[in-house]
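Good morning. Please have a look at the structure first.

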Amino acid sequence: MAAEPREVVTLKDVAAAAGVSVSTASRVLDSKSLRSPHASRIREIADELGYRRNRAASALRRGETGTIGVLVPRLSDAVMALMYESIAAACERSGRFAIVATAGDTDGGEAAAAETLLARGVDGLLLASARISDPLVASLRTRGVRHALVLRSDGVSPASLGDDDTGGYLAARHLVDLGHRDIALVTGPLYTSSARDRLAGAQRALAEAGVAPLIAETTDYRIPSGEQAAAGWLSGSRRPSAVFAANDDLAIGVLAASHRAGLEAGRDYSLVGYNDIPVAARLPVPLSSVRTNFAQIAASALELLDGGAEREVRLAMPTLMPRGSSVRA
């Protein structure tokens with residue numbers, strides 16, 4: 001005998017069982033960021049009844065498209081590619097789709113890319129290209145466009161990022177603990193909160209140890225900038241015994257320049273990078289790095305969009321990954 005077809009449980013059924021309006025039940029079940037006992041009870045009832053959300057229909061009820069726009073400077077940057085992949089995976093888990101646009105490093109490019117995404121009807125923007133003082137982000141706030149920043153913060157808009165101050169501290173403290181006292185810092189672009197915070201954390205660790213570092217400020221996070229920074233030391237009279245580069249691409253640039261000079265990380269000097277991109281552990285001399293939790297940052301960024309948070313910053317704790325490139329002095 002064929003089984004009788006199972007009766008479909010509707011949102012109206014859940015609302016009636018919970019004693020709330022359909023709109024309240026819909027809002028709770030569509031947002032993971034609502035965490036009150038009341039919201040938990042509505043979710044429990046939905047599970048007990050066997051309710052399954054139709055995410056497409058839910059998006060249509062809210063006048064949404066189920067798409068999230070992601071703005072990055074370039075996808076040739078391994079960190080930005082990893083961040084986008086994590087956001088895309090988080091969107092997929094929540095029944096949405098991520099659309100990416102690249103913006104370069106100019107204000108005009110960022111604004112044009114953002115307008116392109118908004119013209120496609122995205123439900124909100126996640127921006128990995130935000131500067132500390134960013135006219136685009138200020139404009140989005142004024143216009144009431146749902147958005148959140150990822151990997152960086154401007155101190156005003158909601159942001160999900162790593163604890164870069166702590167990460168910088170961990171990297172510099174690691175070098176100090178290995179006995180290094182002649183330490184160089186390759187900063188990254190100081191128009192970003194990530195570079196400023198990593199530098200501040202590193203300087204705090206070095207100040208505690210009474211170490212005055214060499215500092216090379218770079219205008220971007222790219223490999224050639226790391227090469228240029230290292231070339232300055234290699235041609236000078238003061239050659240550091242250890243280097244902390246504010247991301248792994250800068251560290252790879254330092255590796256390349258020092259290799260041409262006949263120097264090897266882990267033998268002639270110590271080196272620590274940041275973000276722990278997949279290639280870091282697979283280099284001829286595995287690179288010590290500070291690991292960033294991209295998956296956690298992506299999930300938190302989506303929660304910030306869903307919850308409509310203002311001025312909330314969520315920090316993911318970094319982890320130091322010591323490898324062969326950093327050794328005792």
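Predicted model: local features only at pLDDT ≥ 70, side-chain atom pairs only at ≥ 80, totals over all residues.

Let us start with helix 1, residues 11-18, and helix 2, residues 22-30. Their axes come within 8 Å and cross at roughly 105°. Angles of 65 to 115 degrees count as roughly perpendicular, and helix 1 and helix 2 are therefore roughly perpendicular to each other. Which residues of the two helices meet? From helix 1 there are Leu11, Lys12, Val14 and Ala15, and from helix 2 there are Val22, Ala25, Ser26 and Leu29. Sorted by class, the residues of this contact are 6 nonpolar, 1 polar and 1 charged.

Helix 1 also packs against helix 3, residues 37-49, at an angle of about 125°, and the axes are 9 Å apart. Helix 1 and helix 3 are therefore oblique to each other. Their crossing is right-handed. On the helix 1 side the contact is made by Asp13, Val14, Ala17 and Ala18, and on the helix 3 side by Ile42, Ile45, Ala46 and Leu49. The classes here are 7 nonpolar, no polar and 1 charged. Note Val14: this residue of helix 1 meets helix 2 and is also part of the contact with helix 3.

Now further along the chain. Helix 10, residues 223-234, packs with helix 11, residues 248-260, at about 45°, with the axes 6 Å apart. This pair is therefore oblique as well. Helix 10 passes helix 11 in a right-handed crossing. Helix 10 contributes residues including Gly226, Ala230 and Leu234, while among those from helix 11 are Leu250, Gly253 and Ala257.

Rolling a probe the size of a water molecule over the atoms shows where empty space is left. The second largest pocket has a volume of about 260 Å³. What lies closest to its centre? Of the 15 lining residues, the closest are Val145, His147, Pro158, Ala309 and Glu310. Helix 7, residues 135-143, and helix 12, residues 294-307, each supply at least two residues of the lining. By class, the lining of this pocket has 7 nonpolar, 4 polar and 4 charged residues.

That is the end of my part. Thank you.

Definitions and conventions. Residues numbered from 1 in each chain as written. Heavy atoms only, no water. Axes fitted to C-alpha atoms, helices over the stretch in contact; angles between N-to-C directions. Helix = DSSP H or I, 4+ residues; strand = E, 2+ residues; numbered from the N terminus. Parallel < 35°, antiparallel > 145°, perpendicular 65-115°, else oblique. Contact = heavy atoms within 4.5 Å. Nonpolar A, V, L, I, M, F, W, Y, C, P; charged D, E, K, R; others polar. Left-handed = near helix turned anticlockwise from the far one by under 90°. 1 Å grid on protein atoms, 1.4 Å probe; cavity = no way out; pocket = protein on both sides within 12 Å on 5 of 7 lines; lining within 4 Å. Points joined across faces, edges and corners; volume = space filled by probe spheres on them.
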